[in-house]
Amino acid sequence: MNDRRRYLTTRSQDETADVGRRLASALNAGSVLLLVGDLGAGKTALVRGLAEGLGVAPDEVSSPTFTLMQEYRGGRVPLIHVDLYRLNDAREIDELGLEELGLNAVLAIEWAEKLPRPFPDAIEVRIDHGDGDERRLTIAASPYLNENA
Ligand code: ADP
Ligand code: MG
């Protein structure tokens with residue numbers, strides 16, 4: 001159990017993006033951000049802010065749900081944005097080779113609960129729906145996901 005969890009409430013897409021924007025300054029090549037939350041929770045919104053914080057044009061960031069993986073360059077460090085929504089097979093996920101790909105980039109992974117193996121030093125952001133546009137964010141150092149599995 002670690003006590004390094006942070007709880008935040010946001011009330012708009014922009015506020016959630018702002019959390020990503022602020023997280024960006026703490027991330028470097030090799031950093032991994034695990035995003036957990038239902039469809040429409042705001043995972044992609046947070047990645048949009050993250051991109052902006054890294055210096056990538058945020059309007060380049062769309063949901064990669066249909067493309068699985070996108071890489072954005074032009075920022076302080078490359079950003080690789082992955083969405084595991086459509087993958088259910090652990091082997092398929094393994095074949096993406098995320099560990100290797102992430103070595104030289106910031107890796108942001110939506111639906112990270114599908115990962116067959118945890119990333120040891122990841123930051124995890126869980127986004128839960130509140131009433132209306134309210135979202136509750138829990139930011140924690142790994143292995144929060146596994147503790148709660
Ligand atoms: P996900 O990637 O988790 O499926 P998206 O970021 O694509 O979610 O979409 C989030 C949706 O929820 C958007 O339509 C956004 O406008 C809406 N929304 C409403 N309130 C918030 C909030 N507080 N944070 C993030 N998104 C919000
Ligand atoms: Mg998304």
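**Reading a metal site and the strands beside it**

Guide: In this predicted model, the magnesium ion (ligand 2) is coordinated by Thr 44 (OG1) and Glu 110 (OE), at 2.1 to 2.2 Å. Thr 44 belongs to helix H2 (residues 43-54) and Glu 110 to strand E5, so the pair ties together parts that are 66 residues apart in sequence.

Visitor: Which atoms count as donors?

Guide: Donors are N, O and S atoms within 2.8 Å of the metal (3.2 Å for Na, K and Ca), and because water is not among the atoms, sites may look incomplete. Helices (H or I, at least four residues) and strands (E, at least two) are DSSP runs, numbered from the N terminus.

Visitor: Is Glu 110 buried or exposed?

Guide: Buried means under 20% relative accessible area, exposed over 50%, and partly exposed in between (1.4 Å probe, protein chains only). Glu 110 is buried, at 2%, and Thr 44 is buried as well, at 12%.

Visitor: Which strand pairs with E5?

Guide: Two strands pair if DSSP finds at least two bridges between them. E5 (residues 106-110) pairs with E4 in the parallel sense over five bridges, and Ala 108 in E5 stands opposite His 81.

Visitor: How are the faces of E4 covered?

Guide: In a regular strand the side chains alternate between the two faces of the sheet. In E4, Leu 79, His 81 and Asp 83 are buried on one side, and Ile 80 and Val 82 are buried on the other.

Visitor: What do the numbering and cut-offs rest on?

Guide: Residues are numbered from 1 along each chain as its sequence is written, while chains are lettered from A and ligands numbered from 1 in the order in which they are written. Local features need pLDDT of at least 70, side-chain atom pairs count only at pLDDT 80 or more, totals for chains, interfaces and linings use all residues, and side-chain values use heavy atoms, leaving out hydrogens and water.
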